[in-house]
Amino acid sequence: MQEFNYVYNSEKENAPFAVKLRNLFEERGVVKRELAEYIEARTGEGVTRQAIGQWCKGYTCPNLKMVPIIAEFFGVSCDYLLTDTDIETPDTEIAAVCKYTGLSSDAVLTLNDCYSHRNYPKLNATASKIIATGLFSDMAAELSALEQESKNRLSSYDFMLTETTEKREIIQKIADLLQVDYMTLKWHLISMSHNSSFENQYNTVLPADVSCDLHRYNISRLCEDINDLFDYRKGFLNMSREELLDFLQLSEEQLKDMQNNRRRNE
């Protein structure tokens with residue numbers, strides 16, 4: 001397995017194994033009893049729900065020979081469970097692509113599905129064309145900035161104290177999702193906004209609302225630029241030399257003849 005800065009520490013609740021085990025239970029929607037039954041079926045050894053609860057809290061660790069069984073149950077790699085890597089997949093080839101590109105395993109699998117989809121033979125070329133341009137990285141940067149700025153806006157002190165219908169709806173949806181009281185959640189968010197380290201983390205020159213709207217405008221503009229890559233109604237300006245020859249059904253020899261004719265006429 002790969003070596004990482006921090007591997008397996010039963011004394012800390014934020015150890016990679018404990019954190020990831022808790023997250024996997026939540027993400028997969030399974031309960032501790034199901035994992036206990038799976039381990040017993042595979043190893044013949046009984047594990048209690050209380051013991052698994054101790055693993056989730058980082059108080060104790062399972063026997064190392066159980067780790068592959070736990071990884072198999074959740075469909076992840078042992079490296080993912082034991083280290084700080086974000087690559088979940090146990091497929092070594094996909095994991096290598098994830099490591100090289102920085103993409104998640106879900107993103108890599110989606111791209112592969114697009115590539116192999118028989119109804120979309122040109123989809124891979126289309127995706128490649130977008131990714132190969134600077135527009136793709138610009139779009140990703142704007143979306144990331146929008147995400148951070150909108151989080152900042154939700155947690156800002158003036159936003160929490162200003163009553164608006166939109167704000168009430170946002171908080172109510174979060175409260176419903178978490179199954180908590182509206183006012184309790186509201187005051188928790190207000191207390192977050194008093195946290196200077198949190199506020200400084202997202203400190204920006206522009207007011208948060210203006211900054212968010214600016215990012216949304218930039219994203220819309222970039223979408224139009226991407227559309228222009230594929231909309232040939234504006235002419236052949238977006239085509240490469242090879243694409244032009246293919247579109248005009250011209251061979252290299254025919255092109256040379258046309259170029260020679262032009263020189264003779266000049």
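These are my notebook entries on one protein chain, taken from a predicted model.

**Overall make-up.** I then looked up burial, and of the 266 residues in the chain, 27% count as buried. For the surface, I noted that the protein chain exposes about 18400 Å², with carbon and sulfur atoms supplying 52% of that area.

**Contacts along the chain.** Taking the contacts with a separation of 6 or more, I saw that residues 24 or more positions apart account for 54% of them.

**Confidence.** Before going into detail I checked the pLDDT, which averages 78 over the protein chain, with 77% of the residues scoring at least 70. Confidence is highest in helix 4 (residues 67–74), at a mean of 93, and lowest in helix 13 (residues 196–201), at a mean of 43. I also marked residues 1–10, where the pLDDT is below 50, although this stretch has 30 contacts in the model beyond near neighbours in sequence. Residues 196–205 are likewise below 50, and there I noted seven contacts beyond near neighbours in sequence.

**A patch on the surface.** Which residues form a nonpolar patch on the surface? I found Leu177, Leu178 and Val180, which together have about 310 Å² of accessible area. I followed up Leu178, which is found in helix 11 (residues 165–178). Is Leu178 buried or exposed? Leu178 counts as exposed because its relative accessibility is 52%, and the cut-off for exposed is over 50%.

Key: Residues numbered from 1 in each chain as written. Predicted model: local features only at pLDDT ≥ 70, side-chain atom pairs only at ≥ 80, totals over all residues. Heavy atoms only, no water. Buried < 20%, exposed > 50% of the residue type's maximum accessible area, 1.4 Å probe, protein only. Contact = heavy atoms within 4.5 Å. Areas by Shrake-Rupley, 256 points an atom, 1.4 Å probe, with all protein chains shown as cover. pLDDT = per-residue confidence, 0-100. Helix = DSSP H or I, 4+ residues; strand = E, 2+ residues; numbered from the N terminus. Patch = residues over 30% accessible without salt bridge, like charges linked within 9 Å, V, L, I, M, F, W, Y side chains within 5 Å. Salt bridge = Lys/Arg side-chain N within 4 Å of Asp/Glu carboxyl O.
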